[in-house]
Structures are given as structure tokens and as C-alpha cells.
Amino acid sequence: MTRESRFRACPLCEAICGLDFQFEAQRLVAIRGDDADPFSQGHICPKGNAILDLETDTDRLKHPLRRRGNEWEEIGWDEAFALAGERLAAVQLKHGASAVGVYLGNPNVHHLGHIAYLPPLLRALKTPNVFSASSVDQWPHQLVCAQMYGHQFLLPIPDVDRTDYFLMLGANPLASMGSLMTAPGIARRLKALTARGKLVVVDPRRTETADVASEHVFIRPGTDALFLIGVINVLKRQRPPRLQGYAGKVRDLDVALAALSAFDVEMIAVHTGIAVATIERIACELDAAPRAAVYGRMGVSTQTFGTLTQWLIQLINLYTGNLDREGGVLPNDAAIPLTGEGTAPGARGRWKSRVRGLQEFAGELPVAALVEEIATPGSGQIRALLTSAGNPVLSTPDGRALEAALGTLDFMVSVDVYINETTRHADLILPPASPFTQYHYDLIFNSFAVRRVARVNAPLWPQAGDERADWEIFNALGAAYAQAAGKPFAALPEPAAVIAAGLKRGGSGLDFDELAAAPHGLDLGPLRPNLLTRLQTASGSIECAPSLLLDEVARLKAQIREPMPVDTLRLIGRREIRSNNSWMHNAARLVKGKPRHHLLMHPADLFARGLEDGTTVRMRSRTGAISVEARASETMMPGVVCLPHGFGHQRDGVRLTRAAAVVGASYNDLTDPAALDGASGNAALNGLPVWVEAAS
Ligand SMILES: Nc1nc2c(c(=O)[nH]1)N[C@H]1C(S)=C(S)[C@@H](COP(=O)(O)OP(=O)(O)OC[C@H]3O[C@@H](n4cnc5c(=O)[nH]c(N)nc54)[C@H](O)[C@@H]3O)O[C@H]1N2
Ligand SMILES: Nc1nc2c(c(=O)[nH]1)N[C@H]1C(S)=C(S)[C@@H](COP(=O)(O)OP(=O)(O)OC[C@H]3O[C@@H](n4cnc5c(=O)[nH]c(N)nc54)[C@H](O)[C@@H]3O)O[C@H]1N2
Ligand code: SF4
Ligand SMILES: [Mo]
């Protein structure tokens, strides 16, 4: 048999590494990092290799399945689309447009056939009840960019390859491979950085990234805003802001700074656990560094002051003159922009959630409200649900309650490749063909990349006749629904045409053929300043003091006056290189070896509770309780415990042969739908108050 080889980007994480896929007769036999990829330069991680398992997984669905009681039967595609379209339309006809809810999970952003083809379907459904994984993730980043720069995706990216000083909060790129910072081979890039300058990691756990950093600083969960206010106030004492580069396009920085001035640095030190001298030194180092970048990710977004923290990060980058500057933080002016004509700038509050009155952002409601919107009777209640590439039972707050609510729906359809904790509740599952059979252009991560890159990924082989590509599924679902609902629907053309049109709109001069002729992708150079010319605020300036953020400052002030809770542990998450949210535990290559589900606890916290290393403990929160094995770890800040999410596969009806044997409980059986970032409604998954005791 002849072995063929093709190059494509890996779709499994934000790093978009170029991989060399080797196959025989449409079966993958080997995957290597592509040394000729100018961006990833041969990098590959264990997940990239596990594509071999994912693509040959016998649990992976190939045909539409319809549930009959506890059994599943295969049905034809046309029948499946008609059924879904009719049921969704019927529910809306009877109960109104809001009665259909939608949940979109993380892999949607990794596939053009999902991300580009969902909007027409959503527009047709016209429901206010759209939810996604973004509100258990990066809403605070998007909201701050929408408020300050006028577009949720004018998102400054740390120029990791050129900066001299990198202050990183609540991110662990050595495990996550980088997020809102597409930087394949991040370990190599950070090594070069620490040789050239300094990397300071602020995290309640001494993470893998902290281990390679120049310095690690422990911080009490949820107090990053206070720490950053401390930094700003030191900078202010030092010198006026460096605003020469911003052509007068900076509004109300003085208003923002004035709001922050009333915080006492001694008080900040008490709350954060960071010494005054350390706060002052870091501020001085930031100020003195020729080029510096402050960056915060999951750990600072999924907390109660997530948006406030992201705003302060932007303000410090601006104050020090590092915003939109080489070696600082800059948006990526990608060949297909996420901004401008026809894109959603990130409006807020156009509608509210029915039960709790939470504000809409960018066309979605916070997913922390999903359970109550299904479970609370009344007009506007969700009675049918469409999920695409998502597993909210394991990924969103109070997964147990959500699971129970899913069982009460009149109809549920899932576009997914597995029968997992969520999709097992569906009436219909529509599994797309392998993404490797389709053209792909990364609409999202090219815009978050630390260099300007572009690539068109060609199919490895054609899809089989009885398969449907993701984009075909969304087009067909939209058409079937529209027909049943008596609405118009305009399907999008095939991916190659969508890519070509996007490139044309972007106006970079690149076209489809030129990119298709470059199988390793094109490197277009380092990041370059572009924020000032792309601002989409009404004033045309950077808005430093949005009222939404000033309100959050006031809320923080009120909160720190309350007594600090004693004896309550704070729970935080972690990611591990061989795991990916909830859905890769079925890959043999990833789950072999030592278990990775443990609760990490500082030895003193174990001792104080009479608990021993390695024993099973009971951990409870306001909303739930789980049993989990605890491990003593000096990497933890005392008072903070750490558990990965995405485990907890032992549930009836799940068809994941290998994952079923992976032990571990679900973090989100503990998380609290009431714990939200004040400004955005993003879930506050980190810093959750928990109690740990001996298992009875
Ligand atoms: N406690 C806690 N909770 C968290 C987090 C945390 O750190 N702590 N992290 C949060 C974050 S950042 C995120 S992004 C979310 C993720 O939340 P989700 O997106 O809801 O969860 P995933 O585990 O990514 O589930 C992906 C789903 O997509 C399916 N899938 C995989 N490939 C494809 C495909 O090509 N097409 C289709 N249609 N389906 C596919 C899988 O079978 C699975 O059902 O979890 C969030 N939840
Ligand atoms: N291997 C692997 N890679 C992944 C994923 C995966 O599941 N596995 N998921 C992907 C997804 S969907 C995303 S969004 C990205 C996320 O990418 P990252 O944000 O880089 O990843 P995390 O490991 O969640 O890092 C969050 C860090 O915040 C810390 N933290 C928790 N609370 C606080 C706090 O209050 N303050 C501070 N300063 N730190 C805090 C945690 O200890 C943790 O180290 O990773 C992506 N890459
Ligand atoms: S780092 Fe991310 S993109 Fe690269 S091989 Fe691993 S999973 Fe794929
Ligand atoms: Mo995420």
C-alpha cells in the first residue's frame, strides 16, 4: 500500500500546529509535527498524536441516531433533518420562539464548517436563548474589548516573541498550549523570553508554567483585580502615563485612575497574599522594561471580578505605553478579520434572561442561566434544545441539575460525534464527517495568533457518500427547520467559497489559490500596530472608563469591607497536557499512565482536617458534593485546593468505552450557577468556596 502525506493544522487546540498526516487508503497511520510549518516549526503535543485514536475510535458516531427509550436506532440523513426541523418548528409554534434553546460548545470555534455555518441557522431560529462555552470562558476579555475598543474581537495579543517582560495571570500555557494567544511551541517561546527578559507568573498554584518562569507569585483566588490596582497606583506615583503613541485617542484615563486611587496597598497585600514590596517591585519592573506585556486568561476571567481584572490589564498595558506596540500587546490584523463590516461588535443588554434577568452579550445569554431557563415553568421556558459540539453537563455550573433538566425537554437534537453525558439525553444525534475531509481556514485563531499567519487546509481525502460534513448538516438543518416553520433560509456555499469570500472582504491581497498552493501555511510577519486605525467605539477613541467597569470598582470596594471568610477553602481548576475539557478521555494514547483526576491540597490543609495524603475525601460546595482522592501538594497555596474539570464519565447511558474506566468526579457538580462575574455574567468557576472532610 502506498503511504501518502498531507499537511494540515491540528484542530484540537488554539495553537493550530501544522501537522504531517500520513495515511494509507484513507486510514491515518502516523502524525508528526510539520518541520516546514513556518509558525509551529515541527511542534506537536500528545493530543495531536491522539488524533490517530480519535479518528479510529469505534465509539465515534458515523450515522444519525434516533433514541427510542434507552435504545438508539440508525436513521437516514434526510429523515433526521426532517425530524429535527419539524420538531423545532412545532415547539416554537406552540410555545413561542424562546422555547428553543441552543448551546454551542468549544469545538465549534475550531471548525469552519461549524463556526461559519451556524449563524444562518441561529438567525432563522430567532431565539433569545442562545448559550455557549464562551460564558464559562472568555466573555470578560470580549466584553472589555467591546467596551474599550468598540469590538469584542479587537483583542490585544501578547507579543510573546518580542517582549522583554511578561506578567502572566491565571494562565498555564505549558498545559493549555496558550489561549487568546495562539503560539504553537509556547514552551520554546517562553524559554527564549526568560533568556532575554523576565516572565512572572501570578497563580494560586505553582503550575508547569510557573516552574519555567523567572518568578512565581502566589495569589489568593479572585483577588487579581486588587493586585493590579496596586500595580497601577505604584505606576501612577512613578510617572504620568506614556500616551505619546496614541494620537490623542485616549478618553477618560484620568477618570479610571481616580476611581482606583482609594485602595490602600497594605489592605491589598492582606487580601491578595502578595507582599507590598512585591507589588511595588513588579510595578517598577513593568515600568522599566523596554517592552512589556500583561496578560490574563481562564483563571482571571472565570472569577467574580473577571471583567474588572481584564480591564485593569488593558489599562496597565496602555499606561505603560505597551498597548498596540511591538513587544507589547497588539490585535492581530488577520487576513480574514473578525471585525468590521457584518460582524458583531459585542453589544450588551439588548435582552435579558427570563428567570434571573441576566444581560445578553453579543447575542448570547450566560450559560449559568441555562438550567433555570429549562427547569422553571412559565411563558418563554426552554422546551427544546439544540446542542452543537458541547458537553454542558460536564462543562457548565451545576451539571447535575442541568442533566436532570435535559431529561424533561420535549425535544433535543445534538450535532456531536459521541453519546456522552450530554448527548445521551438527545432524541437525535447528528454526527459530522471527519473534519479532515473538509476544507478549513481558521477564522478565529489566526486572529489571536502571535504572528500574522494564514493557511488554507485541504481535505486529506474525500468524505464518504453516506457521511455529511458539518457545514452540510447546518445548511440542511436550517433548510428543514425553515421549511417546517414557513420561514426563508439562505444556505451558505461550500467552505472553499466561504474562505475565498472572507479573504476578499479582508482585503489583504491574499486569495484562496495562493493559500491553497502553500500547504505549510504562510507566515506574513510579526504583529504590527493596528488598533488605533481599527477602533470601533462611537467616539473613535479608546474608552478607558466605561460605566460598567466603574460600577465594578465600587462593588469591589464594598466587598473588601466585608470580613474575610475563615476556614473556607477556595477551589480552582487545572488543565493537563493529556486532557482536553471533557471529550478526549476516550483516546487510549491520552488516558494511559498515571491518573490525573486528583484534588491537590496543601499538606497543612490536609493536616488541619485530620486527612491523609491519598485518601478519598468528600468535598462540598453550596450546591453539590463529590468524592475525590486528595493528594498533598506543596505546589498549592495554603487555603486553595485544585481539581481538573471534564471528569465524571460514570453515568448511565454514556457510550464512551475507554472514558468510562477513567476515574474522577466532575468539578461542575460543585459549581454554583449563582457565582458570576459581576459585569459580564461569565461563570465564576474558580475561587469557589468549598469544604473538604473525611469521606464517611
Ligand atoms: N470547572 C470548569 N469548567 C469548565 C472549565 C474549567 O476550566 N473549569 N473550562 C471551560 C471552558 S474554557 C470551556 S471552552 C468549556 C468547554 O465546554 P464544552 O464545549 O461544552 O465541552 P467540551 O468538553 O469541549 O465538549 C466538546 C464536545 O464536542 C464534541 N465534539 C468533538 N469534536 C467534534 C466535532 O468535530 N464536531 C462536533 N459537532 N462535535 C464534536 C465532543 O464529543 C463533546 O461533546 O468548559 C468550561 N468548563
Ligand atoms: N491540555 C489542554 N489544553 C487545553 C484545554 C484542556 O482542557 N487541556 N482547554 C482549552 C481551553 S477550552 C482553554 S479556554 C484554554 C485555557 O487556557 P489557560 O487559561 O492557559 O489554562 P488553565 O490551565 O485553565 O489556566 C488557568 C490558571 O489560572 C489559575 N487560577 C485559578 N484561579 C485563579 C485566580 O483567581 N487568579 C489567578 N491569578 N490565577 C488563577 C489556575 O491555577 C490555572 O493555572 O486551554 C485550552 N487548552
Ligand atoms: S499543541 Fe494544540 S494544536 Fe498543537 S498538536 Fe497539540 S493539540 Fe494540536
Ligand atoms: Mo475554553
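Buried means under 20% relative accessible area, exposed over 50%, and partly exposed in between, with a 1.4 Å probe and protein chains only. The model is predicted: local features need pLDDT of at least 70, side-chain atom pairs count only at pLDDT 80 or more, and totals for chains, interfaces and linings use all residues. Residues are numbered from 1 along each chain as its sequence is written, chains are lettered from A and ligands numbered from 1 in the order in which they are written, and side-chain values use heavy atoms, with hydrogens and water left out.

**View 1. Cysteines C642 and C13.**
C642 is buried, at 0% relative accessible area. C13 is buried too, at 14%. The closest cysteine sulfur to that of C642 is in C13, 19 Å away, so the gap is too far for a bond. The structure holds 0 disulfides (pairs of cysteine sulfur atoms within 2.5 Å).

**View 2. Polar contacts of ligand 1.**
A polar contact is a pair of N or O atoms within 3.5 Å; within protein, one must be able to donate a hydrogen and the other to accept it, and residues adjacent in sequence count only if both atoms are side-chain atoms. A side-chain N or O atom of R575 sits 3.1 Å from a nitrogen atom of ligand 1. For H111, a polar side-chain atom is 3.2 Å from a ligand 1 oxygen. For H645, the side-chain N or O atom is 3.4 Å from an oxygen atom of ligand 1. Alone, ligand 1 exposes 920 Å², and the protein buries 97% of that (Shrake-Rupley method, 1.4 Å probe).

**View 3. Ligand 2 and its backbone contacts.**
Around ligand 2 there are 32 residues, the closest being D203, D224, R575, E576 and S579. Which backbone atoms make polar contacts with ligand 2? A backbone N or O atom of N172 lies 3.0 Å from a ligand oxygen. A polar backbone atom of M298 is 3.1 Å from an oxygen atom of the ligand. A polar backbone atom of E576 is 2.7 Å from a ligand nitrogen. Helix 7 (173-176), helix 14 (298-301) and strand 25 (569-574) are the elements giving two or more residues to the shell. Helices (H or I, at least four residues) and strands (E, at least two) are DSSP runs, numbered from the N terminus. By class, the shell has 11 nonpolar, 14 polar and 7 charged residues.

Most residues other than glycine have a negative phi. I16 has a positive phi, near 40°. I16 lies in the loop between strand 1 (4-9) and strand 2 (18-24). I16 is buried, at 9% relative accessible area. Q26 has a positive phi of about 60°. Q26 lies in the loop between strand 2 and strand 3 (27-33). Q26 is partly exposed, at 47%.

Conventions:
Near = heavy atom within 4 Å. Nonpolar A, V, L, I, M, F, W, Y, C, P; charged D, E, K, R; others polar.
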